[in-house]
Amino acid sequence: MNIPRIIRSNPTSDLVGMALAIMSVPFRLGNKTKNAVVIFPGMGEENRIKNGLELWVCLLGEDSAFPMLLIAGINRNEKTFEKLDLELLRNKYLLRLGPIKTNLHTEINSSNTKEQAEWLRDKVKELKITSLVLCASYYHILRAYLTVLKTFNKDGLRIHIIPYPTKAPPETISPEVAKPQWELMPGEVKRILKYQKLGDVATEKELREYLDWFWKTMP
């Protein structure tokens, strides 16, 4: 028996569609370099930070108007918490800033993704950022993106947001829980559905409206 191409959607199919639609967002905005690279760290997952820093360094060589680097905070209650200040970035992650030091902005502490998104919203307004690359773990990128979008929508803020999931095999261990990152995805699904009801995560309708705007206004 053939399955019809058009059938009634459900929460699971909505989330799959949202993930696929987000990942279809082009990394290149014409010939324009993104204004900022944003890292959402946490869970002791160093590859979130390393991948974001590598991307930022790469983009530095593409545009004389150096893109900014924004690193959101980490929950102090996590066992793997580390203070992501300039000293740690220099010593542990070998970050060399030189004359572009003023382009770095860090939050240090943030209880959850919603607080990270609120800090980012304030920085986007303060620094007049018009486009950004959002770096988060591949299992977390959907919720991170939807949380940022919802937070921006509440404030009437609309900019181009490009997803950048970290590069990691599915069996990569998340240090905070000592489990493969792949096994964290079911929890992400539950969180998305719960936080949508609370009004903290964008819905399918909100995402579709945003992506329609994104494609129409893409430089």
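Both faces of strand 2 are covered, with Met68 and Leu70 buried on one side and Leu69 and Ile71 buried on the other. Buried means under 20% relative accessible area, exposed over 50%, and partly exposed in between, with a 1.4 Å probe and protein chains only. This is a predicted model, in which local features need pLDDT of at least 70 and side-chain atom pairs count only at pLDDT 80 or more, while totals for chains, interfaces and linings use all residues. Residues are numbered from 1 along each chain as its sequence is written, and side-chain values use heavy atoms, with hydrogens and water left out. Helices (H or I, at least four residues) and strands (E, at least two) are DSSP runs, numbered from the N terminus.

- Five strands form an open sheet in the order 3-2-1-4-5, with parallel pairing; two strands pair if DSSP finds at least two bridges between them.
- The edge strands, each pairing on one side only, are strand 3 (104–106) and strand 5 (160–165).
- From one strand to the next, the twist averages 20°.
- Strand 1 pairs with strand 2 in the parallel sense over four bridges, and valine 37 stands opposite leucine 69 in strand 2.
- Strand 1 (residues 36–39) also pairs in the parallel sense with strand 4 (residues 131–136), over four bridges; valine 133 in strand 4 is the bridge partner of valine 37.
- Strand 2 and strand 3 run parallel and are joined by three bridges, with histidine 105 in strand 3 as the bridge partner of leucine 70.

**Helix against the sheet**

- Helix 2 (residues 46–60) lies across strand 1, strand 2 (68–71), strand 4 and strand 5, and runs at about 175° to strand 1.
- Axes are lines fitted to C-alpha atoms, for helices over the stretch in contact, and angles run from 0 to 180 degrees between N-to-C directions.

**Helix 1 and its partners**

- Helix 1 (residues 11–23) and helix 6 (residues 185–198) pack with their axes 11 Å apart, at an angle of about 100°.
- Helix 1 and helix 6 are therefore roughly perpendicular (65 to 115 degrees; under 35 is roughly parallel, over 145 roughly antiparallel, and the rest oblique).
- Pro11, Leu15 and Met18 of helix 1 make the contact with Val189, Ile192, Leu193 and Gln196 of helix 6; contact means heavy atoms within 4.5 Å.
- By class, the contact of helix 1 with helix 6 has six nonpolar, one polar and no charged residues.
- Ala, Val, Leu, Ile, Met, Phe, Trp, Tyr, Cys and Pro count as nonpolar, Asp, Glu, Lys and Arg as charged, and the others, Gly among them, as polar.
- Helix 1 and helix 7 (residues 204–217) pack at about 20° with axes 10 Å apart, and are therefore roughly parallel.
- Asp14, Met18, Ala21 and Ile22 in helix 1 meet Glu204, Leu207 and Leu211 in helix 7; by class, this contact has five nonpolar, no polar and two charged residues.

**Individual residues**

- Lysine 123 is in helix 4 (residues 113–127) and is buried, with a relative accessible area of 15%.
- Leaving aside neighbours within four places in sequence, lysine 123 is in contact with Leu70, His105, Lys128 and Ile129.
- Methionine 43, in the loop between strand 1 and helix 2, has a positive phi of about 65° although it is not a glycine, and counts as buried at 18% relative accessibility.
- Alanine 178, in the loop between strand 6 (173–174) and strand 7 (179–180), also has a positive phi, near 55°, and counts as exposed at 56% relative accessibility.
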